[in-house]
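Please describe this structure for someone who has not seen it before.

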Amino acid sequence: MPRSKKGRKRPPVNSNAIEEAVAAVTTNSENKISLREACKIYKMSLATLSRHLKVFKESRAENFKYPANCTVKRVFDDTEEFTLVDYIKTIAKMQYGLSKKGVRELAYEYAVADS
């Protein structure tokens, strides 16, 4: 996404609002509202809500759960990360202090050795 010419950033994602909006649009009761009304009520863009609604309908799930995508640029999987954290905690208990740079170098060496 390119930088904004006016210096404005996108507002942070409110996962609760997205879940409530999708639920309000997809209910089969009398309280069902339109897509545009949900965008106004929950203060989000039409494109965002329609994109999440499309994914929800394609998944055929019963309840919508907002998927936070934090795993895009991960280097280590969960087991490798926990192993590295345990090692850093162990050497910290042994009074071998590491700076931020030292931890970064250790993680880099671990990633290179692992691959």
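A salt bridge is counted here where a side-chain nitrogen of Lys or Arg lies within 4 Å of a carboxyl oxygen of Asp or Glu. The model is a predicted one, in which local features need pLDDT of at least 70 and side-chain atom pairs count only at pLDDT 80 or more, while totals for chains, interfaces and linings use all residues. Residues are numbered from 1 along each chain as its sequence is written, and side-chain values use heavy atoms, with hydrogens and water left out.

Side chains of opposite charge can pair when their charged atoms come close. A search of the whole structure finds 2 salt bridges, and together they link Arg74, Asp78 and Glu81 in a network. Between Arg74 and Asp78 the closest N and O atoms are 2.8 Å apart, whereas the salt bridge of Glu81 with Arg74 has an N to O distance of 3.3 Å. The table lists the accessibility of these residues, where buried means under 20% relative accessible area, exposed over 50% and partly exposed in between, with a 1.4 Å probe and protein chains only.

| Residue | Relative accessibility | Class |
|---|---|---|
| Arg74 | 37% | partly exposed |
| Asp78 | 44% | partly exposed |
| Glu81 | 38% | partly exposed |

Turning to the rings, those of Phe, Tyr and Trp (its six-membered ring) pair if their centres lie within 6.5 Å, with planes under 30 degrees apart counted as stacked, over 60 as edge-to-face and the rest as tilted. The structure holds 2 aromatic pairs. One of them joins Phe56 and Phe64 edge-to-face, at 5.7 Å centre to centre and with 90° between the planes, and both Phe56 and Phe64 are buried. Phe76 and Tyr110 form a tilted pair, at 5.4 Å centre to centre and with 45° between the planes. This pair links distant parts of the chain, since Phe76 lies in the loop between α3 (46-59) and α4 (78-93) and Tyr110 in helix α5 (residues 100-114), 34 residues apart; helices here are DSSP runs (H or I, at least four residues), numbered from the N terminus. Phe76 counts as buried because its relative accessibility is 15%, while Tyr110, at 26%, counts as partly exposed.

How do the helices α4 and α5 cross, and at roughly what angle? Their axes, which are lines fitted to C-alpha atoms over the stretch in contact, with angles running from 0 to 180 degrees between N-to-C directions, come within 11 Å and cross at roughly 140°. The contact (heavy atoms within 4.5 Å) is made by residues including Leu84 and Tyr87 of α4 and Leu106 and Tyr110 of α5.

Key: Helices (H or I, at least four residues) and strands (E, at least two) are DSSP runs, numbered from the N terminus.
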